[in-house]
Amino acid sequence: MAIDNNGLYPTLVSMTSALHNNNQSKNILVYHLLLSYNFNKNDIAKFESLKSKYDVKINYYIIPNIFKKYRSWNEGTLTIYYKLLLPFILHEFDRIIYLDADTLVFKDILEMYTLPFNDNYALGYPFHTVYLIDDYVKDVKYYINGGVILFNLKKIRNDKKDIELIRFTIENNSKLYFLEQDSLNIVFFKKIGILPLKYGIYLYGNIKSFEEIIQKFIRIKLNKTEIINAIDDPSIVHFSCCNPKVWHKESKNDFGVDNICKRFHKEFYYYANKTNYFSEIYNKFIV
């Protein structure tokens, strides 16, 4: 996970949700936290507090201010670019799950971690902005979101896509709409796979609005039963289209009339209550 000071509490709650639903008798979760150069080091204690409740290992990496000249997205943060550094920083790992801070994990994450890559560089869930990269690559069938990704680090390094990602992003940063997300989809073109829809389905709101977006923007056919099951029983929820985010009391969803974001407002505070900092979180976002 990539974090600046604004993402402290959402990240803590997301981590807590995954740890709470982890099968601790079989798995030990290892978190790699990529912290912005100006991150408040005193707040690391909040992450460390998870060790008193869960069997977890946490590694911290301070990222220098190397992206200061890059365009930003998502409330001005530059941490979106940190995922491009994963093949270099985590050089001893063959695969890794990347999650944005605005996620909740409801199931044991091992199932996702062990999915077959089938020669793909990454697996993600289909996003609705596939048309944005038509000028770069032809015959694009789908485009994955950058907030929930299973990376095939070994293949990325072996095929030197790690270097190509950085170079392409530098050369095209001023032209890319979704920034590093566009870079990933363009550089990994034709070697990107789709995750089961239960990982991140809530981006699209509800079944009706999801199907409308599929018909208009997504160029692959998705199974309606899988859509329904994913909405009813998700493994991971990504709130990228909740504005403001689910931790705010006025959270809304941009897709459809059903306020899916509001539905998960309670879920966020359920897991926030399992941290040692519920009062701080509540006072920051609600009071």
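Biologist: What share of the 287 residues in the chain is buried?

Modeller: In this predicted model, buried residues make up 56% of the 287 residues in the chain.

Biologist: Why is Ser235 called buried?

Modeller: The word buried is kept for residues under 20% relative accessible area, and Ser235 has 5% relative accessibility, so it counts as buried. Ser235 is found in the loop between α9 (224–232) and β9 (236–238), and, once its neighbours within four places in sequence are left aside, its contacts are Leu104, Val105, Phe106, Lys107, Lys198 and Tyr199.

Biologist: Why does Asn118 count as exposed?

Modeller: A residue must be over 50% to be called exposed, and because Asn118 has 66% relative accessibility, it counts as exposed. Asn118 lies in the loop between α4 (110–113) and β6 (122–126), and it has a positive phi of about 55° although it is not a glycine.

Biologist: How do you know that Lys160 is exposed?

Modeller: The reasoning uses the cut-off of over 50%: Lys160 has 56% relative accessibility, and therefore it counts as exposed. The place of Lys160 is in the loop between α5 (153–158) and α6 (161–172), where this residue, although not a glycine, has a positive phi of about 60°.

Biologist: Which residues touch the most other members of the largest nonpolar core?

Modeller: In that core of 51 residues, they are Tyr31, Leu33, Phe47, Met112 and Phe268, while helix α1 (residues 8–20) gives the most to this core, with seven residues. Leaving aside its neighbours within four places in sequence, Met112 is in contact with residues that include Ile97, Val148, Leu195 and Ile236. There is also a second, separate core of 38 residues, which includes Leu85, Phe168, Phe178 and Ile186.

Biologist: How far apart do the centres of the positive and negative side chains lie?

Modeller: The chain has 37 positive and 31 negative side chains, and the centres of the two sets lie 1 Å apart.

Key. Residues numbered from 1 in each chain as written. Predicted model: local features only at pLDDT ≥ 70, side-chain atom pairs only at ≥ 80, totals over all residues. Heavy atoms only, no water. Helix = DSSP H or I, 4+ residues; strand = E, 2+ residues; numbered from the N terminus. Buried < 20%, exposed > 50% of the residue type's maximum accessible area, 1.4 Å probe, protein only. Contact = heavy atoms within 4.5 Å. Lys, Arg positive; Asp, Glu negative; His and termini not counted. Charge placed at Lys NZ, Arg CZ, Asp CG, Glu CD. Core = buried A, V, L, I, M, F, W, Y, C linked by side-chain atoms within 4.5 Å.
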